[in-house]
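Thanks for sending this one over.

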Amino acid sequence: MLHSLGVHTLQLLTQVAACILLFPRFLLTALMLWLLDFLCIRKKVLLIGSRAEEEASPGQEPPPDDPPVCVSDSNRMFTLESLKAVWHGQKLDFFKSAHVGSSAPNPEVIQLDGQKRLRILDYARGKRPLILNFGSCT
């Protein structure tokens with residue numbers, strides 16, 4: 001029981017450390033999402049204002065149309081759901097086993113006959129690169 005308590009405490013401390021490390025990155029991403037929403041809303045307000053001016057002076061030619069700006073509560077980027085997704089993605093990235101510049105993970109694989117268990121890098125031969133192809137049949 002004491003061993004189990006130590007394992008749970010270690011897991012909790014790892015999660016707390018990850019939260020402390022990820023929080024600044026999360027805040028920066030949240031700020032960027034808010035700024036994108038702010039810029040889209042600002043552009044929409046300015047377009048509405050310029051259309052009102054165009055209607056007031058009918059003698060001028062309208063400028064070429066940009067794609068319509070649609071900002072509503074259903075397509076905003078700074079929402080609770082998007083922030084949850086950003087937080088979850090950053091946690092997954094932090095706890096992944098493969099990192100740029102470090103050695104590749106070497107998980108255990110089972111052969112098709114189900115009898116033999118090897119590691120992926122056991123299939124590498126000499127200086128030939130090992131290529132894993134995760135293809136799709138669709």
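**Notes on the salt bridges and overall build**

1. Glu108 has a relative accessible area of 44%, which makes it partly exposed (buried is under 20%, exposed over 50%, partly exposed in between, with a 1.4 Å probe and protein chains only). Its salt-bridge partner is Arg117, at 3.1 Å from N to O; Arg117 is exposed at 54%. A salt bridge here is a side-chain nitrogen of Lys or Arg within 4 Å of a carboxyl oxygen of Asp or Glu.

2. Before going further, please keep in mind that this is a predicted model, with local features needing pLDDT of at least 70, side-chain atom pairs counting only at pLDDT 80 or more, and totals for chains, interfaces and linings using all residues. Residues are numbered from 1 along each chain as its sequence is written, and side-chain values use heavy atoms, leaving out hydrogens and water.

3. The whole structure holds 3 salt bridges. Arg25, Asp93 and Lys96 are joined in a network of them. The closest N and O atoms are 3.6 Å apart for Asp93 with Arg25. Arg25 sits in helix 1 (residues 2–56) and Asp93 in helix 2 (residues 80–95), so this pair ties together parts 68 residues apart in sequence. For Lys96 with Asp93 the distance is 2.9 Å.

4. On the overall build, there are 2 helices and 2 strands, in the order α-α-β-β (DSSP runs: helices are H or I of at least four residues, strands E of at least two, numbered from the N terminus). Of the 138 residues, 9% are buried.
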